[in-house]
Amino acid sequence: MFPLQQFQGIQTPFYYYDTQLLADTLSVINSLLDDNMHMHYAVKANANPRILSQIAEAGLGADCVSGGEIRAALEAGFPAEKIVYAGVGKSDWEIRLGLEQGIFCFNVESIPELEVINDLAAELNRTASVCLRINPNVGAHTHANIQTGLSENKFGIDMQDMESVIRRCSELANINFIGLHFHIGSQILEMDDFKALSLRINELQERLETAGILSVRNINVGGGLGIDYSDPEGHPIPDFKAYIDTYRQHLHLRPGQQLHFECGRSIVGQMGSLIARVLYIKENAIKRFCILDAGMTDLIRPALYDAYHKVENLSAMEREETEPLLYDVVGPVCESSDVFVKYYALPFTQRGDLVALRSAGAYGEIMASQYNCRTLPKAYFSLNKK
Ligand code: LLP
């Protein structure tokens, strides 16, 4: 599946993106959405301009968390009225940008933020549409660092304050309350977690109706659908059907209510691989290291979250099959945590081999850094775009 010919002469490490897989993923999503459902791509997962344009062309909206992301989304062709803007710490210039551009809504995380948005909107003579991000206190079966829906996390407004904050919205002349926003975490593979969120939202909607608040036009359930890091070949497109059906089945939408999703990883994760070259094989008394020219600066997920990315020796696939050997696959960065996998079975591997770190389309290139004065990895695309 990797065009090794095309890779000849390209400086490693680099990201390689399968745009055909992205196209297929986007059509699956579009085929599953009802008229009242809207998918906003979470730009944070990968803001490569070409990828953004392809997603915008498919008609999705954008979920942004900074002024920079709003700009990137607009430049890539996402219409402002399909942009949602979240984040616990929005700067004044970022709020102004959103107001001036006329984005669909601000997902607001606190009363102080609501008041600042109101003041800035008044200055610009605009009205800001807002969804309130409610912390649903729903846990998710995922890595602690990427869980967001518990009271101990910094995100969102406490459920107990929901009614009073909605009432506060109606006192603010330049705020238009249009709905509720939630997000429980990322890399979630258990549909029961999304069911738990649905049931919590049902409970909250009933509470609001009892309180006479009937103005919830939009429900945004965030993103979080996980991907299969162990078997990218077997599961190139995540189970969007199960994900969307879970909400369809358990979330009780009121007539006319619009349902919004903010998926990132599940849309772009499997389309990307980090391609690296083997620099050295080094053996000591207890270990065999496979040292790559890619490191945690190119793909930080293993170092930061203990994340697993499947490693494939592409050059060995073209040679005669050999008995696998165990390698610690590591990078060149001066940090002990610069390790991709330990005791990992690879076919006989040698200097010069090309290696792919799979499922790296989400939170890969975008989280790259220049630590150690390293160069940022470039991106290349498959030639088979429909
Ligand atoms: N909406 C909100 C409010 C979010 O905070 C996030 C992700 C998303 C949507 C998109 O979630 P997704 O569908 O991609 O799971 N760097 C970490 C992941 C951080 C996720 C942050 N928020 C990683 O590499 O695993």
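The crossing of helices H6 and H7 is right-handed. This description rests on a predicted model. Two packed helices are described by the angle between their axes and the distance between the axes. Helix H6 covers residues 111-123 and helix H7 covers residues 162-171; they pack at an angle of about 10 degrees, with their axes 11 Å apart. That makes H6 roughly parallel to H7, because angles under 35 degrees count as roughly parallel. On the H6 side, the contact is made by Ile111, Leu114 and Glu115. On the H7 side, Val165, Arg168 and Cys169 take part. By type, the residues of this contact between H6 and H7 divide into 4 nonpolar, no polar and 2 charged.

The axes of helix H2 (residues 19-32) and helix H3 (residues 49-57) come within 10 Å and cross at roughly 30 degrees. H2 and H3 are therefore roughly parallel to each other. The crossing in which H2 passes H3 is right-handed. Which residues of H2 and H3 make the contact? From H2 come Thr19, Leu22, Ala23 and Leu26, and from H3 come Ile51, Gln54 and Ile55. Sorted by type, the residues of the contact of H2 with H3 are 5 nonpolar and 2 polar, with no charged residue.

Helix H3 also packs with helix H4 (residues 67-76), here at an angle of about 60 degrees and with the axes 8 Å apart. H3 and H4 cross in a right-handed way. H3 gives Pro49, Leu52, Ser53 and Ala56 to this contact, while H4 gives Ala72, Ala73 and Ala76. The contact of H3 with H4 holds 6 nonpolar residues and 1 polar residue, and no charged one.

The next topic is empty space inside the model. Rolling a probe the size of a water molecule over the atoms shows where empty space is left. How many cavities of 30 Å³ or more does the structure hold? There is 1 cavity of that size. The space in the largest cavity is about 30 Å³. Its lining is formed by Val84, Phe104, Cys105, Asn107, Cys131, Asn218, Asn220 and His260. Strand E5 (105-108) and strand E9 (218-220) are the elements that give two or more residues to the lining of the largest cavity. The lining residues divide into 4 nonpolar and 4 polar, with no charged residue.

Two details of the backbone remain. Most residues other than glycine have a negative phi, and most peptide bonds are trans. Is the peptide bond from Thr12 to Pro13 cis or trans? This bond from Thr12 to Pro13 is cis, with omega near -10 degrees. Pro13 is placed in the loop between helix H1 (4-7) and strand E1 (14-17).

The other detail concerns Tyr343. Although Tyr343 is not a glycine, Tyr343 has a positive phi of about 45 degrees.

Notes. Residues numbered from 1 in each chain as written. Predicted model: local features only at pLDDT ≥ 70, side-chain atom pairs only at ≥ 80, totals over all residues. Heavy atoms only, no water. 1 Å grid on protein atoms, 1.4 Å probe; cavity = no way out; pocket = protein on both sides within 12 Å on 5 of 7 lines; lining within 4 Å. Points joined across faces, edges and corners; volume = space filled by probe spheres on them. Helix = DSSP H or I, 4+ residues; strand = E, 2+ residues; numbered from the N terminus. Nonpolar A, V, L, I, M, F, W, Y, C, P; charged D, E, K, R; others polar. Axes fitted to C-alpha atoms, helices over the stretch in contact; angles between N-to-C directions. Parallel < 35°, antiparallel > 145°, perpendicular 65-115°, else oblique. Left-handed = near helix turned anticlockwise from the far one by under 90°. Contact = heavy atoms within 4.5 Å.
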